[in-house]
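Colleague: Could you walk me through how to read the features of a model like this one? I would like the general idea and then the case at hand.

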Amino acid sequence: WPQTKPLASAAAGIQWLLTRGGICASNHFDAVACVRSSSGVEYPDLQFTLSPIAMQDDTWQPMQEHAFQIHVGLFQAHSRGCIRLQSGDPATPPRILANYLQDKRDLQVMLKGIRLVRELVHQPAFIGLLGDEIYPGETAASDEDLQRCLRRSLVSQWHLSGTARMGSATDPAAVVDHIGRVHGLQGLRVVDASIMPQCTNGNTNCPTIMIAEKLSDSILGKPPLPKIEADVWQNSALQRVRGDTQHA
């Protein structure tokens, strides 16, 4: 945190401008883990993001002490919100209801994530780095305590997508076709994360670049690249569970 003070920040900025090095060469989310909340989960449903600077929960300003933090993120939320018009005036912002944690399954996975992080930071690699838990704090031990903390402090990770989803012309929820053309209009396409029929299981940056690459080829009349069949790692424990179930 001393590097966030005005003089140190200015020096770090100058260092980056001159050398492209130093602390400004990183976004400080260098360690990310995609994990399964429990055995038997087919794909990772939690993301842990480690930051070497701890931030104030309400202001996002650096805490004035040596600390690190680990974000716990939910990949595929079961909770569903809505976006509705507030009036017929197009300048009026829409009403957005996120509805976080409305589905109890999301709450249970987040609770597991907090407990997994607590287990993680007590591993030998963190010896010498770990101090007292700042938030939610060691006194928040029960599910009820942690639920209150989650409902008070939960925020979005901002990976917005799916508001102009791709689908057939007969799908009332679809806005564009398979190459981004807006249904019912000529000469208009959408090429960004909003056309995802469902949010990808992870950060949306790379998939959005892929969408842009493929649809730019379509706009230019270039043929699509050959399909690549890539092996996807599967949880062997899940396969055994499935096998046992099918055998039974």
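Modeller: Gladly; we will take a helix, then some residues in contact, then charges, rings and cysteines. Keep in mind that this is a predicted model.

Colleague: Let's begin with helix H3. Which of the residues of helix H3 are buried?

Modeller: Helix H3 runs over residues 143-153, and its buried residues are Leu146, Cys149, Leu150 and Ser153.

Colleague: How should I read a pattern like that?

Modeller: The general idea is that an α-helix has 3.6 residues a turn, so residues three or four places apart point the same way. In this case, the buried residues of H3 fall within an arc of 100° when seen down the helix axis, so they line one face of H3.

Colleague: And on the other side of H3, which residues are exposed?

Modeller: There you find Arg151 and Arg152, both exposed on the other side of H3.

Colleague: What covers the buried residues of H3?

Modeller: The cover includes helix H2, residues 104-121. Leu150 shows this in detail. Leu150 lies in helix H3 and has a relative accessible area of 8%, so this leucine is buried. Leaving aside neighbours within four places in sequence, Leu150 is in contact with Leu101, Leu107, Met110, Leu111 and Ile114. For a view along the chain, take Leu74: 76 residues separate Leu74 from Leu150, and their C-alpha atoms are 12 Å apart.

Colleague: Let's turn to loops. Where is Ser194 placed, and is Ser194 buried or exposed?

Modeller: Ser194 is in the loop between H3 and helix H4, the latter covering residues 205-219. Its relative accessibility is 13%, and because the cut-off for buried is under 20%, Ser194 counts as buried. Beyond residues up to four places away in sequence, Ser194 touches Ser161, Gly162, Thr163, Ala164 and Arg165.

Colleague: Which residues does Thr204 touch?

Modeller: Thr204 is also placed in the loop between H3 and H4. With residues up to four places away in sequence not counted, Thr204 touches His159, Met196 and Cys199. At 9% relative accessibility, Thr204 counts as buried.

Colleague: Now for charges. How many salt bridges does the structure hold?

Modeller: There are 7 salt bridges in the structure. One of them joins Arg115 and Asp143, whose closest N and O atoms are 2.7 Å apart. This pair links distant parts of the chain, with Arg115 in helix H2 and Asp143 in helix H3, 28 residues apart. Arg115 is partly exposed at 35% relative accessibility, and Asp143 is partly exposed at 30%.

Colleague: Which residue forms a salt bridge with Asp177?

Modeller: That is Arg181, and the closest N and O atoms of this pair are 2.6 Å apart.

Colleague: What is the N to O distance between Asp171 and Arg165?

Modeller: The side chains of Asp171 and Arg165 meet in a salt bridge at 3.8 Å, N to O. A salt bridge is counted within 4 Å, so this distance qualifies. Asp171 has a relative accessible area of 23% and is partly exposed; Arg165, with 28%, is partly exposed. Arg165 is also one of the residues that Ser194 touches.

Colleague: On to rings. How do I describe a pair of them?

Modeller: A pair of aromatic rings is described by the distance of the centres and the angle of the planes. Searching the whole structure finds 1 aromatic pair. A charge can sit over a ring too: the charged end of Arg20 is over the ring of Trp16, 4.1 Å from its centre.

Colleague: Finally, cysteines. How many disulfides does the structure hold?

Modeller: In general, a disulfide is a covalent bond between the sulfur atoms of two cysteines. This structure holds 0 disulfides. For Cys34, the closest cysteine sulfur is in Cys206, 12 Å away, which is too far for a bond. Cys34 is partly exposed, with a relative accessible area of 46%. Cys82 is in no disulfide either, and the nearest cysteine sulfur, that of Cys199, is 18 Å away. Cys82 has a relative accessible area of 21%, so this cysteine is partly exposed.

Colleague: Thank you, I will go through the model again with these in mind.

Definitions and conventions: Residues numbered from 1 in each chain as written. Predicted model: local features only at pLDDT ≥ 70, side-chain atom pairs only at ≥ 80, totals over all residues. Heavy atoms only, no water. Phe/Tyr/Trp six-rings, centres within 6.5 Å; stacked < 30°, edge-to-face > 60°. Lys NZ or Arg CZ within 6 Å of the ring centre and 35° of its normal. Buried < 20%, exposed > 50% of the residue type's maximum accessible area, 1.4 Å probe, protein only. Helix = DSSP H or I, 4+ residues; strand = E, 2+ residues; numbered from the N terminus. Arc of directions from axis to C-beta. Contact = heavy atoms within 4.5 Å. Disulfide = S-S within 2.5 Å.
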